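Let us go through this model by question and answer. Please have the sequence and the coordinates open.

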Amino acid sequence: MSDASLTPRSRASALGHHLWAKEKVWLASAALLAALLVFAPELGVSSAGFVVQNLLNVAPFLALSVGIAAYAGASGADGLIARAFTGAPAMMILIAALMGGLSPFCSCGVIPLIAALLAMGVPLSAVMAFWLASPVMDPSMFVLTMGVLGFEFAVAKTLAAVGLGVLGGTLVHLLSRSGALADPLREGVGNGGCGGAKVRNAQPVVWRFWQESARVEKFIREAIKTTLFLAKWLTLAFLLESLMLAFVPAELVASALGGTGIVPIGIATLVGVPAYLNGYAALPLVGGLMSQGMAPGAGLAFLVAGGVSSLPAAIAVWALVKREVFLLYLGIALAGSFAIGLLFQLWMAL
């Protein structure tokens, strides 16, 4: 049947089917926001403003990471980047964790780079090491942490970032040796494990890719595709986060994080995942709680767990990788953050 023979009703049905099949995330966000505007107008307006403001806050990091990923693909430099992550597994994981700790990307901004690295065929162990370390610490975060919580805490958070990356990368490497986690990306995201050909087969790199129209088209196509992919998932994530902040007041979070001992560290690890604001806004909160008697280990566990697996980051990761990889990432983030909090608490007690 041609398009011309379709009735208006069948056209609407076809359009609805296409939207439901391809744009479930946008539809869910629109439906949730519409419901808020109808039944709780003030909350709906504030939630919409929260989403817009947070998207603007992460836009520079996303633009940089999307641009790097698209440039690597258009110029052919992705093969060089992929080969930089090959070699002895232990050294590769350590270097990836160190690079993650020095990178300026937030937990959301690192997503496009992760997708590009996995599509290039970079081993998941190295990518996981970079992924876990990157959101926890960067140079500007180190300076701010030192100013708010002190030099010792800043150093501990830096070591925690690198240590968490090494832990996660090593665990993934051991699992991968048995043949597990061979193709981590979801269908339709990058080109999955078959991107390993870029590592095995050297291709010429055209650094000035803008001189070739085909490469320019590829750059634009990949940048738009990645931006839209991230925008729809982050919009839903920030919308859900706005509701969480509205119904879970900061006072409740503060009371849950108070106290000393092993229990507050465990609570801080779990609470840090949904209640985390961002790396910069969370520091004054933790500083205030520590001045009221909260254990330093609980504070560090909260910052590390929240940085790696906050709600926006977790939803973006869920959209990017298969379920088993997502659960592994979440498990490493929680268990590692709890262990880091315990170790720091023992160190402070010496």
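Student: Which residues does S125 touch, not counting residues up to four places away in sequence?
Tutor: This is a predicted model, where local features need pLDDT of at least 70, side-chain atom pairs count only at pLDDT 80 or more, and totals for chains, interfaces and linings use all residues. Residues are numbered from 1 along each chain as its sequence is written, and side-chain values use heavy atoms, with hydrogens and water left out. Contact means heavy atoms within 4.5 Å. With those neighbours excluded, S125 touches M92, I93, G169, V172 and H173.

Student: Is S125 buried or exposed?
Tutor: Buried means under 20% relative accessible area, exposed over 50%, partly exposed in between (1.4 Å probe, protein chains only). S125 has a relative accessible area of 4%, so S125 is buried.

Student: How are α3 and α11 oriented to each other?
Tutor: Helix α3 covers residues 41-75 and helix α11 residues 213-247. Their axes are 7 Å apart, at an angle of about 150°. Angles under 35 degrees count as roughly parallel, over 145 as roughly antiparallel, 65 to 115 as roughly perpendicular and the rest as oblique. Therefore α3 and α11 are roughly antiparallel.

Student: Which residues does T226 touch, not counting residues up to four places away in sequence?
Tutor: T226 lies in helix α11. Its C-alpha atom is 9.6 Å from that of I111, 115 residues apart along the chain. Leaving out residues up to four places away in sequence, T226 touches V66 and P112.

Key. Axes are lines fitted to C-alpha atoms, for helices over the stretch in contact, and angles run from 0 to 180 degrees between N-to-C directions. Helices (H or I, at least four residues) and strands (E, at least two) are DSSP runs, numbered from the N terminus.
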